[in-house]
Amino acid sequence: MNVPYKILPAVVFALLAGQACAAEKITIMVGGMEKQIYLPAKLAEQLGYLKETGLDIELLSEPAGVNAETEMLSGAAQGVIGFYDHTIDLQARGKMVESVVQFSQAPGEVILVSKAAAGRIKSPADFKGKTLGVTGLGSSTNFLTQYLASRAGVKYSEFTTLPVGAGSTFIAAMAQGKIDAGMTTEPTIARLVSTNAASVLVDLRSLKSTTAALGGPYPAASLYMQTSWVNSHKEQVQKIATAFVKTLRYINTHSAKEIADKLPPEYYAGNKQLYIEALETGKQMFTPDGVMPAEGPATVLKVLASFDKAVEGKSINLAGTYTTEFVKAVK
């Protein structure tokens, strides 16, 4: 078929435009969308801030942060909402990844002890011979559990970690006696404590308690991306960072109830009031502006270097594990 010459440029332009639109699809993996520690992810979507970017952003939930990280490294996702400590662990393994928005300055997690094991576990020193639940092997809950154990003189080989996810799967593992204790987040914490099925052993939900347990602020939930992608997509990263900084400002200036009212009902795990009460306590973990806490990276490196064989003895460039370029540019 002969196509008039003058039509060809228009056809080519349309094809290129279509490709450009397709290229704007950005997938962000969230290490468990329903967890309160990753609240800014869904809230940014619910408030319309992600739509305001003009980008085609898709949020996908992956229960364990370590699996979300794998998706990003494979190219299936452009970013991960997960713990900052992965950027250090990955750099030690030769992968350059950086936090572009720092959501929190404390993990927002606790180690819960089951009612059945409460008499046998009074501190991390009692982890020896026990089975401890974590979201996934290689996850941040696994990192922190190992550190708390080693700090108490218990070697990793002296206890068992079992990947049990969060929410209902964590609760079932504890109810069935598969784990004696485990690290988890809200709203799972409130669901177990409110029914006396478990009690809090180590609390990492506030800056104060985190500093006491880990020796300093522990920047946790963040949006991290491969450095190469950030450097080649600065306009898109700025738009995404702006959306999340606006969300953090919203969290900082609104009540737990106002925030909860913006979320889908399934996020309450069947009890909205319990969710609100947990959020009222947990809100303090979030940064108001997405900026990395000054002493945070050093604390995280100290924790990882104490047990992570990939990090131990390695020279880590902490300045390469995060950037404040985008969050500080938000008006």
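Select A269 to begin: this residue is partly exposed, with a relative accessible area of 32%, where buried means under 20%, exposed over 50% and partly exposed in between, using a 1.4 Å probe and protein chains only. A269 lies in the loop between α12 (256-260) and α13 (272-282); helices (H or I, at least four residues) and strands (E, at least two) are DSSP runs, numbered from the N terminus. The phi of A269 is positive, near 50 degrees, although the residue is not a glycine. Most residues other than glycine have a negative phi, and most peptide bonds are trans.

The model on screen is predicted, so that local features need pLDDT of at least 70 and side-chain atom pairs count only at pLDDT 80 or more, while totals for chains, interfaces and linings use all residues. Residues are numbered from 1 along each chain as its sequence is written, and side-chain values use heavy atoms, with hydrogens and water left out.

Next, select N196, in the loop between α8 and β9 (198-204). N196 also has a positive phi, of about 60 degrees, without being a glycine, and N196 is exposed, with a relative accessible area of 54%. From there go to P187, which lies in the loop between β8 (181-185) and α8 (188-194); the peptide bond from E186 to P187 is cis, with omega near 5 degrees.

Now colour the strands β7, β6, β8, β5 and β9, which form an open sheet in that order with mixed pairing; two strands pair if DSSP finds at least two bridges between them. At the edges stand β7 (160-163) and β9, and because each has a single partner strand, one side of each is left without a neighbour in the sheet. From one strand to the next the twist averages 30 degrees, with axes taken as lines fitted to C-alpha atoms, for helices over the stretch in contact, and angles running from 0 to 180 degrees between N-to-C directions. Strand β5 (residues 109-114) runs antiparallel to β9, and six bridges join them; pick V113 to find its bridge partner in β9, S199.

Turn to another open sheet, whose five strands have the order β2-β1-β3-β10-β4 with mixed pairing. Its edge strands are β2 (56-61) and β4 (97-102), each pairing on one side only. Inside this sheet, select β1 (residues 25-30) and β3 (residues 79-83), which pair in the parallel sense over three bridges; there I28 has G79 of β3 as its bridge partner. Helix α5 (residues 85-92) packs on the sheet, touching β3, β4 and β10 (221-226), and its direction makes about 170 degrees with that of β4; contact means heavy atoms within 4.5 Å. Helix α11 (residues 234-253) packs on the sheet as well, touching β1, β2, β3, β4 and β10, with a direction at about 40 degrees to that of β4.

Finish with the aromatic rings, among which a search of the whole structure finds six pairs. Rings of Phe, Tyr and Trp (its six-membered ring) pair if their centres lie within 6.5 Å, and planes under 30 degrees apart count as stacked, over 60 as edge-to-face and the rest as tilted. Select Y156 and F159: their ring centres are 5.5 Å apart and their planes stand at 75 degrees, so the pair is edge-to-face. Y156 is partly exposed, with a relative accessible area of 40%, whereas F159 is buried, at 6%.
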